[in-house]
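Please keep the sequence and the structure in view while reading.

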Amino acid sequence: MSGQIAGESWFVLHSFLLGALITFFYDLFRILRRIIPHGIFWISLEDLIFWVMATGSIFYLLYYENNGMFRWIAVISAGAGMLLYKKTLSCAFVRLVSGAVNRVIHFLGKILWRLTAPARFLWRQSRRQAERTARRAAVELRVRRRKLNSRLTAWKKKLRIRITDWGKKEV
């Protein structure tokens, strides 16, 4: 086999592997989205990062292995690598990894829930006690306000009587 044919074969193989690698990295973004649900802004930002990285890797391949020349064989072999990876490994990989990570997160959440049970119990008790104290204080405030209101009313009446009595003494 001539050196040029061997070089072309390596180029096609590298293009094929790059296509599979690009799809693998996109699967990592898919796994991240399954673990942590995102809004449209974050999904768009992740896609932008992905495509910048994919473009850079394709440019690197074409520049260093093909002297910067665009060739359809690179596109076709990269597409074949993407398609083969997508049809064989992608779904199982995403499902397996995201399921395993979600199970670990769920398990850690259960452990954390049980470890924080005493703190949550104390928090509930202190909150109930604070609510009781606030209700008692509100009742006490209403009682004191009524007493003060009645005392002020009585003082006001006494003052009127004295003023009217004082006015009658002068006349």
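## The nonpolar core

Nine residues form the largest nonpolar core: Phe11, Leu18, Ile22, Phe29, Phe50, Ala54, Leu61, Leu62 and Ala74. A nonpolar core is a set of buried Ala, Val, Leu, Ile, Met, Phe, Trp, Tyr and Cys residues joined through side-chain atoms within 4.5 Å. Buried means under 20% relative accessible area, exposed means over 50%, and partly exposed lies in between (1.4 Å probe, protein chains only). H1 and H2 each supply at least two residues of this core. Helices (H or I, at least four residues) are DSSP runs, numbered from the N terminus. In soluble globular proteins, nonpolar side chains tend to be buried together.

The model is predicted: local features need pLDDT of at least 70, side-chain atom pairs count only at pLDDT 80 or more, and totals for chains, interfaces and linings use all residues. Residues are numbered from 1 along each chain as its sequence is written, and side-chain values use heavy atoms, with hydrogens and water left out.

## Helices H1 and H2

Two packed helices are described by the angle between their axes and the distance between the axes. For helix H1 (residues 3–35) and helix H2 (residues 40–66), the angle is about 170° and the axes are 11 Å apart. Axes are lines fitted to C-alpha atoms, for helices over the stretch in contact, and angles run from 0 to 180 degrees between N-to-C directions. H1 and H2 are therefore roughly antiparallel to each other, a term for angles over 145 degrees. Their crossing is right-handed, which is the case if the near helix is turned clockwise from the far one by less than a right angle.

Which residues of H1 meet H2? They are Trp10, Phe11, His14, Ser15, Leu18, Ile22, Phe25, Tyr26, Phe29, Leu32 and Arg33. Among their partners in H2 are Ile43, Phe50, Ala54, Leu61 and Leu62. The residues of this contact between H1 and H2 divide into 15 nonpolar, four polar and four charged. Here Ala, Val, Leu, Ile, Met, Phe, Trp, Tyr, Cys and Pro count as nonpolar, Asp, Glu, Lys and Arg as charged, and the others, Gly among them, as polar.

## Helices H1 and H3

H1 also packs with helix H3 (residues 72–115), at an angle of about 30° and with the axes 6 Å apart. That makes H1 roughly parallel to H3, a term for angles under 35 degrees. H1 passes H3 in a right-handed crossing. The contact of H1 with H3 involves 21 nonpolar, eight polar and five charged residues.

Apart from its neighbours within four places in sequence, Ser15 is in contact (heavy atoms within 4.5 Å) with Leu61, Ala74, Ser77 and Ala78. Ala74, with neighbours within four places likewise left aside, is in contact with Phe11, Ser15 and Leu62.

## Partly exposed residues

Ser44 lies in helix H2 and counts as partly exposed, at 41% relative accessibility. Val104 belongs to helix H3 and is partly exposed at 47%.

Thr116 is placed in the loop between H3 and helix H4 (117–170). With a relative accessible area of 30%, Thr116 is partly exposed.

Note on methods: Angles under 35 degrees count as roughly parallel, over 145 as roughly antiparallel, 65 to 115 as roughly perpendicular and the rest as oblique.
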